[in-house]
Each structure stands twice: as C-alpha cells, then as structure tokens.
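Please read them with the structure open beside the text.

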Amino acid sequence: MKIKPLAKLLISTLLAVGVGVGTTALVTPEYGAIAATGPAGNDSAGLAAGGCVADPTLPGATKSSLYTVTADGSPLFVEKMTKFAPEMQVHYAHCSMAAAGTARFSVTVAQSFNSYTVSPKSRKLAVTRSGNTITFDSGPNYLVVQFDSAELLFILIDAPESDTPHLGDANVKSLADYGVDNTGGTLVTAKIQSAINAASGATRNILYVPAGKYLVGELWLKSNMTLYLAAGAVLYGSNNKADFNTGSGGVNIEGMQHASLRVYQVSNAKLLGRGVIDGNGKSLRAQGLNLALLKIEQSSNIQVDGPIVRDSSYWNTLIYRSDKVTIKNYKLINCRPTTGYNNTDGVDFDESTNGLLSNAFLYTGDDNMATKNEDTTAGAIDTKNVVHEHVVCYSNSGCAKIGTKTEGRSMDGVAFRDIDVVKAGRSMVIDAVDTAVVSNTRWENIRVENTDSLIDLQEDRPPSWRTVKNTATIRDAYFTNVSSDVKKVVNLHGRSSTVNINGVHFTNFTVQGKPVTSSTDADASWNINPYVSNITFSTAPTASPSPSPSPTPSPSPSPTATPSPTATPSPTATPSPSPTPSPSQSGACEVGYTMNSWNDGFTASIHITNRGTSTINGWTLAFTLPGGQTITNGWNATYTGSSGQISARNVSYNETLAAGGSTDIGFQATHTGNTGKPDQFALNGVSCAIS
C-alpha cells in the first residue's frame, strides 16, 4: 500500500513521460469509492496484491496473453472474454483495496504501441511510460485503458468491503453445506434454490456462496434474506435454455420473461459480494432466448452491492414496478458489437420509484441506462425519483437516457449526475414518443469524451418496431456542468405546436473547453426545430462542482438498512438581494408537503402555490423541521440551515410565481425516529395554508 505525500507525487508527475492523456494531472481523485456494505468471508480471500486484493481466478477463465497487470508489484489475473468473439472482445482485472489510500498499478502490453488513453480522463491520473509498460497510482476506480486500436482493458478497483460476517457466524449459512458441485460440471439450480428458500426469514438468513463455479438455470431470490457471492464465486448460466423456466409470473417484455436471477414480489432482500453472475447470454441469445441477467419486479427495499454481472442475453438489469431499489459498486460487462447494437442494455429502471444506481461501470451492446415507462396495463406506475450517479459509460448506443418507452402519465425527477461518457452513440437522451409528460430531468456533472450525438431530446422520431401514440412531451430538462471533448450535435426536436418541448436549461455548458452561452453559439453544433421553447443559458456557480481530488472514504457501517436514492441538487443561482414582503406579495399561499420515509431517512417534496392576486418575484419559504431531522441535500432551491429552522430560497429558473402559479422543491434528510412534518410554513414572511 502506498499513501504518497504530496511532494513525492508532484515530483513523480513532473518527471512523467508518456504518450496519451495520462500525464496531465497532479493528483488522483478517488472513484469507485463507495464503501461496500457486504461481507467478505474469510474462506474466499483473494491473492495478495499489495494494496489491492485480487479476486481468485474464476474456474475456466481465459488468461489474457495481451495484458499483464500488477498492483504494488503483485499480479492481478486478467481475463480475456473470448466468449464474445467474433464481436468486440475485452480483457479485465478486478481487485478490492485492502484499506484506504492508493496502490501502484502497472500495465504491460505484449506488443509495441504508439499511444494510450486511460479513461475516464476526469480522473487525471499521473501516468508514466517505460517501454511497453505504463504505471499510475490509484485508489478505487473503474478504468478503461486503450492502446492504439487494440482490444480494451478494464481495470476495476473497488473500495474495501466492510463488516464482514464469516462462515460460522450465527446468521450465516454456507452453500457448501448443501452438497453443491462447485466445479461447474453439473447443474445445481435446484440445490441452490433450496438453500435460498431455507435462508428466507431464517435466523441464518445470509446464504454464503464460496469461491467456485456453479452451473445454474433460473434462480429466485426471496424476501428477508441476503445472497452473498464471495470473490471467486461465479453463478454461470446453463447452455440449455430449458433450464430458465423454473417459475411463472411477472412481465414479459420483448420476449424477456425469464432471467438468470429473479427478484419477484420480494421485500427486504440483498445481493452482496464481489462474486460474478455470468448469464452465458451470447450462447443463449443464439438459441433464441431473450433473458435478463437480474430482473427485479414488483419488489421493494432491495439492495444490490458489489457483484460483477456479465454476458446477458438481453437487458442485463431490469427494475420493473419496484420501489426503493439501490444498486451500487456495480460492474457490468455485456457483449458489445463492433458496430450497431444488440439489445444488451445495462441498468433500466422501468415504472419504478425512488431508485438509485450509484458507482457503476457499464459496458453494453445497447443503452447503458434507459429509464422507461413500459406500458399502461393494470397496476402501471409512473416512474419518479430515480437517480443514477458516479457512472462510467461505454456503449454504441445511449449513455444516460429516458425512453424510448414513455407510456403512462408522467416521468418525473429522473437524474443522471457525475457521469463519464467514455464512448456512446448518444450521450444524453430523451426519446419521448408515447404519452407521458417527461419533466424535471437532470444531467449534472457530465463529462463526454467520445460520442456521435451529444444531446438528443426528441418527440418526432417514433420507433419503426412498435406502434406509438406520439403525444409525449418534454418539460424542463436541465443540463448543469456538462462538458464535451467533441463538438457533436445538440438535437432538440418537438413534434408539433401542441406536442412540444418547453424548458431546456443549460448551466455551465462547455464544448471543447469553450463556454456555450446561446442556442446560436457556434462553439456548439445545433439542430433545433420550431417546436422548442424556453431555452435558457447560465454560467452561474452551481452547488455541484466538477470532480476534485479527495481522499478515499472509510468503509461504511454494516448495511442493516436499504439506502434510499440520494436526491439530486439543482443548479444554484448567483445570489440576489433577499426578497421582502410587499403589498403585491402579501396574498395567500399554499404548501403541500409529502414525505417518503424509510428506516433512518426520508425525502420531502414541497409544492408551493401562490394563492394571491399578484406575481411574486423572488421568494423564500421558511419552516422548522421536527427534532432529529437533518437535511443532507436538496433540489430546486437554495437551503439555509440543515436542522431546526430552515429557509429555502428560489433559484434562477423558479424565482417568479405568477398569481395561481406553483413550483416544486424538495430535499433528502436523515431522521432518528421522528418522521413528523413541519406544522407551519411562511412564504416571504406570510403564513401559508397547508394542503
């Protein structure tokens, strides 16, 4: 383990010699650094690799002959995904940091090269080159390394796992106790399912899967339990498609009825650990089977933390009609065609609420993230409050997308923040072609390295493969701290005077380092039709800075509660004089306050309506939080105070409230058991009615 003093790091940087982008920074930000919350049992310890603990080699894995990777001088196993041939093949190494800090990584290529790139470039790693070897220091990070046009190398570095229950603990049961073949030689679906069933609601409710290869068909996770995949464990999909029909129920989307792992009508369940789920999807797809890898539906309070999920037949991870699903430290590697797409999406929240994807690496053959409203059948849910954060994207299709399925009434509060687009066909997308009003979508701190289309908000290109009503509209899309290394088109297309786009808001938008300040600015490339209105630009400071160097966080406490999604901060406007009550502002106001709480936290949505007869220009809402409640972040307002007395002040885009007009703000907070609501609100000093 190397914890370097600044002086030494400055010297090494100044002496750095290399070709590519790896020599342009002084320090190393820490990414991939959300402390894991699952156990790392003492029976699956990885190979020692200095400051980063290597995974045990997966049985049957093909060792890369092109790349050698070491961490602090000790080797990491680099697997070549030969199964993806003849399509794009990749190589990857994975390890988990032994503690906070950094390790020194070296990559040696078995052939000469002229140039290299270590992405995301935002990490600003100080890379040195000596012959065919590059070297850099890094803490937790998900990296894509490219040498000339050679096959890609992924180096996936996780933070340490914490609070590690072990085999023998009172709440842990080993899969080995069920006589399961761990060589991959025989199908073990039934035995593993029996073990899962036994763990559900039991005293020993953590089912520990030791290192080994387990040949499986469709498995079903159950409520009130944890499935823990130790590093070196792989649930490997059977090559017989009949093995993926072990139960019924749930939605059939584009023939995708079944999955490698089903989470159907489940509550309070966890999938943890640094093991692997391999869907064997390329082979199964060739047999005509559209199979998800992880399918979560009609479920709540689900936590997924740490696994590598790879080679799905169809969409990799689907969250459908579910609430409070949290997925983090997620490494997803699908088969990606050299050109075009193959329906292997990454993580899709679909008719779901209060979802969170945090700290993920998504390499896909179709959209990395595609949030949807699937249909309007009985029980349909409008997607709301879904956050995607700290994500590395690589695909031929969309990175951060809504659609194309935009059924139902609304899709509100979907956020993408702190996203690195290493490669994408379209970086930021709304395909609004069905019936929903898609509102308050936010892209914040987005860094684009390579893309064919930078922004694509469209209502006028319905898909050819299904029938649509094509009445969906887009309302208030926010682009904050978006920077692109390439000048590619920003496409804003409404469909008609009534099916239109209203509200596209840019704050700190730069292309090739140049600020873009209008929709005619030649520093960007524009394609805007007449059915788009209210396009705004601002260069005001925001509350969401670009990534900056920071120490690796310490491991977090044990995950006894399922986290709820972190709310998305909105751009903070440059302060202006505080509004004061005036005769024109002294009319009545009304406040609606809605809470969504869980074990130790909640989100609050506040609907403010001007019930007076005059316009309010500039406002502050004052209220007092009950004891034990503390705001952690908020959106659509600038908050002063975090507990007790709170004031929420307008930002630039909602400072005016016409008579009868309204606006929505909100925040996320923690609580210590008191989930009461404020009993009084005042707008610019005038008491408000509470609806």
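**Disulfides in the predicted model**

1. Counting the bonded cysteines along the chain, the disulfides follow the pattern 1-2, 3-4, 5-6. The model is a predicted one, and with sulfur atoms required to lie within 2.5 Å of each other, the count comes to three disulfides.

2. In the pair formed by Cys52 and Cys95, the S to S distance is 2.1 Å, and the torsion about the S-S bond is about 90°, so this disulfide is right-handed. The bond links distant parts of the chain, since Cys52 belongs to strand β1 (residues 52–54) while Cys95 belongs to strand β5 (residues 90–97), and the two cysteines are 43 residues apart.

3. Cys393 is joined to Cys399 by a disulfide in which the S to S distance is 2.2 Å. The torsion about the S-S bond of Cys393 and Cys399 is about 65°, so that this disulfide, too, is right-handed. Both cysteines of the pair, Cys393 and Cys399, are buried.

4. Cys589 lies in strand β41 (residues 589–598), whereas Cys688 is found in the loop between β51 (686–687) and β52 (689–690), so the bond ties together parts of the chain that are 99 residues apart in sequence. The sulfur atoms of Cys589 and Cys688 are 1.9 Å apart.

5. The accessibility of this last pair can be stated for each cysteine in turn: Cys589, in strand β41, is buried with a relative accessible area of 4%, and Cys688, in the loop between β51 and β52, is buried with a relative accessible area of 8%. Both values can be read against the cut-off for buried residues, which is under 20% relative accessible area.

6. A further cysteine to look at when going through the model is Cys335, whose relative accessibility of 3% means that Cys335 counts as buried.

Technical notes: Residues are numbered from 1 along each chain as its sequence is written. This is a predicted model: local features need pLDDT of at least 70, side-chain atom pairs count only at pLDDT 80 or more; totals for chains, interfaces and linings use all residues. Side-chain values use heavy atoms; hydrogens and water are left out. Helices (H or I, at least four residues) and strands (E, at least two) are DSSP runs, numbered from the N terminus. Buried means under 20% relative accessible area, exposed over 50%, partly exposed in between (1.4 Å probe, protein chains only).
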